[in-house]
Protein chains: 4
Amino acid sequence: MKKSKPKYMQIIDAAVVVIAENGYHQAQVSKIAKQAGVADGTIYLYFKNKEDILISLFEEKMGSFIEKINTMIAGKGTAVEKLLKMIEAHFSMLSEDHHMAIVTQLELRQSNKDLRLRINDVLKGYLQVIDKIVLEGKETGEFSVDLDVRLARQMIFGTIDETVTSWVMNEEKYDLLALASPVHRLLINGCGSR
Amino acid sequence: MKKSKPKYMQIIDAAVVVIAENGYHQAQVSKIAKQAGVADGTIYLYFKNKEDILISLFEEKMGSFIEKINTMIAGKGTAVEKLLKMIEAHFSMLSEDHHMAIVTQLELRQSNKDLRLRINDVLKGYLQVIDKIVLEGKETGEFSVDLDVRLARQMIFGTIDETVTSWVMNEEKYDLLALASPVHRLLINGCGSR
Amino acid sequence: MKKSKPKYMQIIDAAVVVIAENGYHQAQVSKIAKQAGVADGTIYLYFKNKEDILISLFEEKMGSFIEKINTMIAGKGTAVEKLLKMIEAHFSMLSEDHHMAIVTQLELRQSNKDLRLRINDVLKGYLQVIDKIVLEGKETGEFSVDLDVRLARQMIFGTIDETVTSWVMNEEKYDLLALASPVHRLLINGCGSR
Amino acid sequence: MKKSKPKYMQIIDAAVVVIAENGYHQAQVSKIAKQAGVADGTIYLYFKNKEDILISLFEEKMGSFIEKINTMIAGKGTAVEKLLKMIEAHFSMLSEDHHMAIVTQLELRQSNKDLRLRINDVLKGYLQVIDKIVLEGKETGEFSVDLDVRLARQMIFGTIDETVTSWVMNEEKYDLLALASPVHRLLINGCGSR
DNA sequence: GATGAATGAGGTTTCATTCAT
DNA sequence: CATGAATGAAACCTCATTCAT
């Protein structure tokens, strides 16, 4: 399988660095190749075209992120606790990976509609994790029975995403991870019964 | 001033139509000129460059939107009521202007980092409206005194934005305006004291 | 109309020179532009793409050639005389235009299948001229009534084409025009009744 | 010698198939290697470069064709009869080998000037066969003493070639072999004394 | 002998912007 | 003011060939 080949991840990692440091529109294939330490043509032994690099990048990174979250919140704890874990994991991952933070919050959003549709497919996996937590919370009575799952999901994802984007746009000047707890409180209030 | 000249708005309106119908990356200056009924070169008598069209577009449209909101919520009612008015106004405006909905939620996000920083400057006016409501709510005791204004703003804007984006991506299949009330309830729960 | 614009023919003439002197595969658009004395981009104001230059080149040159032949053989003379006129015109034109001779006999044949199909469409006009002469000859009794028109056309065109190609490949060392009469004699023998 | 190695012919045969089915410009070395069941690099153990494959292809196939013709017309019969035999052999061979017909009449003509000059060297062997028949015909009085051998050869080869090309371009819809006799009649008329 | 992963040069086309009219 | 013809820089991808195994 492709992914076992070292150059596959080597190129993806190079793409993250190049996009983060040069911006989406200045991330030429030749720059990525140079950063990865391979010839331009080698890129095309592992990826169909430039767009394929970006989709794969997102799939690989987001895929492993979703897996990590799923493992982390498996079984243990209430829905409220799981939501906190998820937010902490989300903030923690992007705090620790400066390049990925820039790429996911700013650069990859400049891609064209086709690419963004593909990215949304990957994101669905994440949104399903949120849905699962919300549903569980409704069942256990932690969240209001009237809660609309789609709206709750949009609030949770929208708030988290907006928080991270603000943090990145403010040049990561403050501690993102410290916001996990207050953001969590805001969100469970929103989901709670009154 | 530029804005008094009829061609200025003519070009901006043309840009909205062209971007909405062709997508950001297919919105060439020549297409906008054609749609506006002017020569390519005429564009440059009213705008410094292509980016200037897009910034002006956002400034004009967003500016009038913020004005409208400000008028609408001036003086009357509690913070909770003002928040509802604001959400309704936001959803209503985009419901009524299909082209602008596509342009603001999908197409303009594909612009480069520089342009998006400029757009964020314009957005600040809107975020200040939100801040004002949140602060008022804290003073009147409608919202928790512990509420972090920045986080609350991010939740409110993030939720609204994510809700609209989902609606646009789902091809505006359902009634966005009907979501104003449940979204509002979610948000005031989040902001409320417990 | 395009063709009235001077740059249209300017670019086509440049293409003939560049292809003849550099070969089909070394005839880059930038070389043609330079030879024509225009910018690369200007080419695309007059032609859809590179292939369109080549098709247009063939259409313009061959079109005017067929017109000339048609005028030349209109009405006057027997089929046998018309055939001679045609051969002389064919040999004469290529004798006088060294570049076109190379382009039509050697270089343009390297084009891909699509382009050659388009070229064949243009050639059909020429083949129809041959057919008309053959038919007339059969009617007047100059040629055998048993003569298969398609085969006769293939013999006439094949012989002429092969003669010119040989001449070009031999670096135009001998007088092509002098061959018109003996080639003509060969062909009318072939077509004649015995 | 190279040619005794089984892989040599294996690669040549693969090249014929790949070129016929994909076209000259889509006949990549890697495709030929795959069709031949060898690795890309192996090609270069038997051929100097890609052009060498094509020249060898033509030499091998044309060489055996010329041999066959020579054997077939050796000694027996008049020049007129030999010419018929030759045309029949030519039409017959290409009728029976669909791939070679496409390759020789359409695809190989797209090669560059250098390659076609090399191909012409090979063709000379065939043209000499024609010359021999024409000379013999002149000596026996079957053909006119005034007949220019070069022109006669160009007529014979040009007519045969044009006939086959037309047949291939018309997707081999009709019986090529049936044309041998009428084409032969045309040609001996052309060569005959009047 | 055989392999096939890696190489890297090279060209068509788009489109924001200018400036002579 | 308005025009629109002309400009020219810039990048993705292919594929013949090599060479370490």
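In what follows, Ala, Val, Leu, Ile, Met, Phe, Trp, Tyr, Cys and Pro count as nonpolar, Asp, Glu, Lys and Arg as charged, and the others, Gly among them, as polar. The structure is a predicted model, in which local features need pLDDT of at least 70 and side-chain atom pairs count only at pLDDT 80 or more, while totals for chains, interfaces and linings use all residues. Residues are numbered from 1 along each chain as its sequence is written, chains are lettered from A and ligands numbered from 1 in the order in which they are written, and side-chain values use heavy atoms, with hydrogens and water left out.

By this division, the surface near DNA strand E has 12 nonpolar, 9 polar and 6 charged residues, where a residue is near a strand if one of its heavy atoms lies within 4 Å of it.

Among the atoms of DNA strand E within 4 Å of the protein, 74% belong to sugar or phosphate and the rest to bases.

Between the protein chains, contact (heavy atoms within 4.5 Å) links 35 residues of chain A with 35 residues of chain B. The two chains bury about 3,100 Å² between them, 56% of it on carbon and sulfur atoms, buried area being the accessible area (1.4 Å probe) that two parts lose on being put together, summed over both. Across this interface the rule finds 8 residue pairs in polar contact, both residues at pLDDT 80 or more; a polar contact is a pair of N or O atoms within 3.5 Å, and within protein one must be able to donate a hydrogen and the other to accept it, while residues adjacent in sequence count only if both atoms are side-chain atoms. On the side of chain A that touches chain B, α6 (98-107), α7 (113-140), α8 (149-169) and α9 (180-191) of chain A each supply at least two residues, and α8(A) gives the most, with 12 residues.

Notes. Helix = DSSP H or I, 4+ residues; strand = E, 2+ residues; numbered from the N terminus.
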